[in-house]
Amino acid sequence: MRVFVTDANDEQPVFRNLPFIVDVPEDTPSGSSVYKVEAVDRDTGSGGSVTYYLQNYHETKFSIDRHSGVLRIKPGETLDYEKSRTHFVTVVAKDGGGAYKGKNQVMTSSATMTINVIDAQDTPPIFVGTPYFGYVYEVSVPATEVGSEGAKLDSSTTIVTIRVVDLNNHPPTFYGEGGPQSKFELTMYEHPPEGEIVRGLKITVNDSDQGANAKFNLRLVGPGNMLRVVPQTALNEAQVTIIVEDSAAIDYERFHFLAFKLLAVEIDTSERFSATADIIIHLLDTNDNIPKFSSEYYIARIPENSPGGSNVVSVTATDPDSGRWGEVKYSIYGSGADLFLIHSTSGIIYTQPWASLDAEVKSKYNFYVKAEDMEGKYSLAEVFVTVLDLNDHPPEFNEDYLEKTMVIGAPVKIEAVDDDAEEPNNIIEYSIMRTDPVNVFDINADTGEIKLKPYIKSLEIVQNITKQKDCKWSVVVQARDRGSPSFSTTAVVKIDITEAVR
């Protein structure tokens with residue numbers, strides 16, 4: 001039987017490259033593309049097609065192409081850093097709908113995009129309180145003491161200290177070995193030890209301002225809580241260190257690479273200047289998985305007398321590791337495995353070329369199958385084999401000619417034996433094939449008990465029936481099994497009828 005599994009619309013669209021954080025200069029022309037979102041639906045057909053739209057479309061300055069996911073500034077709209085420095089846009093991904101449990105189902109997912117408006121030099125300085133007026137008298141002299149008649153008297157000097165106050169005009173900046181850098185990449189093996197520093201990243205962050213203007217937080221944004229950043233707060237400059245938090249989650253079988261956003265955000269300033277750097281970690285596989293069988297046990301049935309080399313059952317184990325680490329070899333062992341072999345790569349179990357299966361000798365076998373990778377990591381499953389009985393034995397009486405003495409009122413019993421192993425092949429039905437005269441005996445088809453007809457209650461009645469007057473009968477009895485095809489055998493039963501001694 002071949003079973004075809006059809007897809008149901010049971011998967012919702014999943015956004016890629018979360019979180020969505022976009023920096024857009026305020027002087028970007030209307031209609032310009034600012035980002036491309038992408039969501040994937042693992043269903044097939046219409047259930048796997050994805051379209052996009054924005055929530056509260058009429059209240060935002062942005063639009064999205066429903067097919068490509070490209071986000072644009074609406075025609076006629078502009079961004080203004082001085083009015084709004086951050087916009088939040090909720091993007092909805094909707095599949096094309098499809099059947100699920102007999103009904104049409106449409107599934108959606110949503111994600112919020114953060115759009116940071118970057119200031120552009122589009123506003124000149126503005127003087128406050130203009131116009132400005134002041135005056136001095138002509139031919140004025142420095143301020144010196146002047147006598148009552150205008151004579152200059154004593155004078156003095158002093159030092160005036162002008163303190164230059166820091167202006168918050170430098171955002172935090174990330175640096176690599178060669179200068180300012182916004183993307184850092186490295187390669188490492190999956191499942192590094194927890195608490196270990198991620199090697200190969202040389203990142204420095206600097207804010208050239210002074211005092212509170214140079215204080216900032218560091219934050220790492222990415223999938224799960226795999227990594228953390230140290231320090232979390234810095235002043236002026238810091239060496240960035242990334243430490244492993246969740247070793248199990250850093251799994252090559254789940255992610256071939258990891259993408260994080262490293263954020264530096266000022267703490268105590270009104271401007272809250274920030275910087276972003278991408279950290280891309282490419283993972284290398286290790287042999288961290290063992291082969292796993294599709295079932296803990298396998299049940300097989302094979303007819304007896306099957307020729308040597310007959311297929312019994314196929315077992316399957318998978319190892320999600322890559323390359324040769326994912327290759328599986330099969331073997332069998334155990335006391336019940338002597339008559340069987342297994343193909344080391346396909347997992348097909350078959351009988352030995354010389355094997356002869358006989359349900360009457362042994363009908364049950366069980367043994368273990370082992371799936372092992374190249375480094376010796378393995379798992380086990382148990383195989384149970386039942387040898388199916390064929391109807392290959394006819395019923396047999398102990399002798400072809402039987403002699404029985406029957407006391408009137410009591411039955412005599414005959415018995416045949418069928419050497420087949422299972423029902424109905426070894427179930428026997430008895431019948432009387434021939435007797436002379438007829439209508440004298442009955443036989444129980446299940447037990448083989450022969451008795452006189454109910455009306456024969458004395459030896460006198462028997463003597464009146466038989467011609468020989470000797471009260472002896474030859475009865476031909478058949479034993480037939482219930483197998484398919486059915487086998488039978490016959491025997492002659494010599495019955496001598498007597499009365500009970502009083």
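The model is predicted, so to speak: local features need pLDDT of at least 70, side-chain atom pairs count only at pLDDT 80 or more, and totals for chains, interfaces and linings use all residues. Residues are numbered from 1 along each chain as its sequence is written, and side-chain values use heavy atoms, with hydrogens and water left out.

Let's start with the domains. UniProt, in an unreviewed entry, lists "domain: Cadherin" for residues 16-127, 137-174, 180-293, 294-397 and 399-499. Those positions are in the numbering used here, feature names are shortened, and annotations may be inferred rather than shown by experiment. Take residues 16-127: 0% helix, 46% strand, with the end C-alpha atoms 48 Å apart. For residues 294-397 the figures are 0% helix and 45% strand, and the end C-alpha atoms lie 50 Å apart.

Now a sheet. Four strands make an open one in the order β2-β11-β8-β5, with mixed pairing. Two strands count as paired if DSSP finds at least two bridges between them. At the edges sit β2 (20-25) and β5, each pairing on one side only. Neighbouring strands of this sheet are turned by 30 degrees against each other on average, direction ignored; the axes are lines fitted to C-alpha atoms, for helices over the stretch in contact, and angles run from 0 to 180 degrees between N-to-C directions.

Zoom in on β5, residues 50-54, which holds threonine 51. β5 pairs with β8 (residues 86-95) in the antiparallel sense over five bridges, and lysine 94 in β8 is the bridge partner of threonine 51. Is threonine 51 buried or exposed? Buried, at 17% relative accessibility; the cut-offs are under 20% for buried, over 50% for exposed and partly exposed in between, with a 1.4 Å probe and protein chains only. Not counting residues up to four places away in sequence, threonine 51 touches Arg66, His67, Val92, Ala93 and Lys94, where contact means heavy atoms within 4.5 Å.

Serine 63, in β6 (residues 62-64), is buried as well, at 16%. Beyond its neighbours within four places, its contacts include Leu54, Tyr57 and Val70.

Inside, β12 (residues 173-176) and β15 (residues 203-206) pair over three bridges, and tyrosine 175 has threonine 204 in β15 as its bridge partner.

Glutamate 77 is in the loop between β7 (70-73) and β8, and lysine 61 in the loop between β5 and β6, so the pair ties together parts 16 residues apart in sequence. Arginine 228 and glutamate 245 meet at 2.8 Å. Arginine 228 lies in β17 and glutamate 245 in the loop between β19 (237-244) and β20 (257-266), so this pair ties together parts 17 residues apart in sequence. And finally, Glu429, Asp446 and Arg482 are linked in a network of salt bridges.

Terms used:
Helices (H or I, at least four residues) and strands (E, at least two) are DSSP runs, numbered from the N terminus. A salt bridge is a side-chain nitrogen of Lys or Arg within 4 Å of a carboxyl oxygen of Asp or Glu.
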